[in-house]
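Here is a short briefing on helix packing and charged pairs. Start with the structure itself.

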Amino acid sequence: QTERSDLLLEWLDDDVPATRLLAMELIEQRLNNVEAPPLDDDLRQALRARLYDPISPMRRRAAEALNNLRDEDAARRVARRLATMSEPDTDTIRAYLKLIRNVPRPEAVIAVIQLLDHPQLRSEAADALAAAVGTNAT
């Protein structure tokens with residue numbers, strides 16, 4: 001198992017996008033397999049780094065995987081990305097909002113409010129906002 005994790009770490013950091021996407025596919029399969037061991041800290045950290053990947057499908061899929069893991073550190077990073085409005089891809093922003101909905105971050109509230117005006121993201125933004133406000137109120 002350690003050898004597989006080491007290989008996935010190497011592939012996630014590869015210069016070739018197809019290699020990184022293959023690593024992500026293997027990680028997604030592992031996450032969907034109830035008999036597979038949990039991802040170790042190194043793999044989680046490598047997934048968090050993919051939130052800044054040059055290609056949007058990788059950023060989106062990393063956010064989706066980290067959402068499945070309910071990763072607190074990833075939610076903080078995504079909240080910062082939303083606050084800077086540095087993500088141009090709508091599908092990736094949607095994945096970010098789902099992560100914020102499931103791991104609410106009060107610091108994301110202002111950015112999420114701004115996304116309520118986006119017709120393609122309104123529903124996800126409303127869900128994320130409700131979760132973040134609910135967390136802030138308690």
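In this predicted model, arginine 44 is partly exposed, at 21% relative accessibility. Its salt-bridge partner is aspartate 71, with the closest N and O atoms 3.2 Å apart. Aspartate 71 sits in the loop between α4 and α5 and arginine 44 in helix α3, so the pair ties together parts 27 residues apart in sequence.

**Salt bridges**
- The whole structure holds 16 salt bridges.
- Aspartate 71 is buried, with a relative accessible area of 2%.
- Aspartate 13 and arginine 50 pair through their side chains at 3.7 Å, N to O.
- Aspartate 13 lies in the loop between α1 (2–12) and α2 (17–32), and arginine 50 in the loop between α3 (41–49) and α4 (56–68), so this bridge ties together parts 37 residues apart in sequence.
- Aspartate 13 is exposed at 56%, whereas arginine 50 is buried at 12%.
- Glutamate 87 and arginine 81 form a salt bridge at 3.2 Å, N to O.
- Glutamate 87 is buried at 6% relative accessible area, and arginine 81 is buried at 13%.
- Shared partners link Arg44, Arg48, Asp71, Asp73, Arg76 and Arg77 into one salt-bridge network.

**Packing of α5 and α6**
- Helix α5 (residues 72–84) packs on helix α6 (residues 90–102) at about 130°, with the axes 9 Å apart.
- That angle makes α5 oblique to α6.
- The crossing of α5 past α6 is left-handed.
- From α5, Ala74, Ala75, Val78, Ala79, Arg81 and Leu82 meet Ile93, Tyr96, Leu97, Leu99 and Ile100 of α6.
- The residues of this contact comprise ten nonpolar, no polar and one charged.

Methods
Residues numbered from 1 in each chain as written. Predicted model: local features only at pLDDT ≥ 70, side-chain atom pairs only at ≥ 80, totals over all residues. Heavy atoms only, no water. Axes fitted to C-alpha atoms, helices over the stretch in contact; angles between N-to-C directions. Helix = DSSP H or I, 4+ residues; strand = E, 2+ residues; numbered from the N terminus. Parallel < 35°, antiparallel > 145°, perpendicular 65-115°, else oblique. Left-handed = near helix turned anticlockwise from the far one by under 90°. Contact = heavy atoms within 4.5 Å. Nonpolar A, V, L, I, M, F, W, Y, C, P; charged D, E, K, R; others polar. Salt bridge = Lys/Arg side-chain N within 4 Å of Asp/Glu carboxyl O. Buried < 20%, exposed > 50% of the residue type's maximum accessible area, 1.4 Å probe, protein only.
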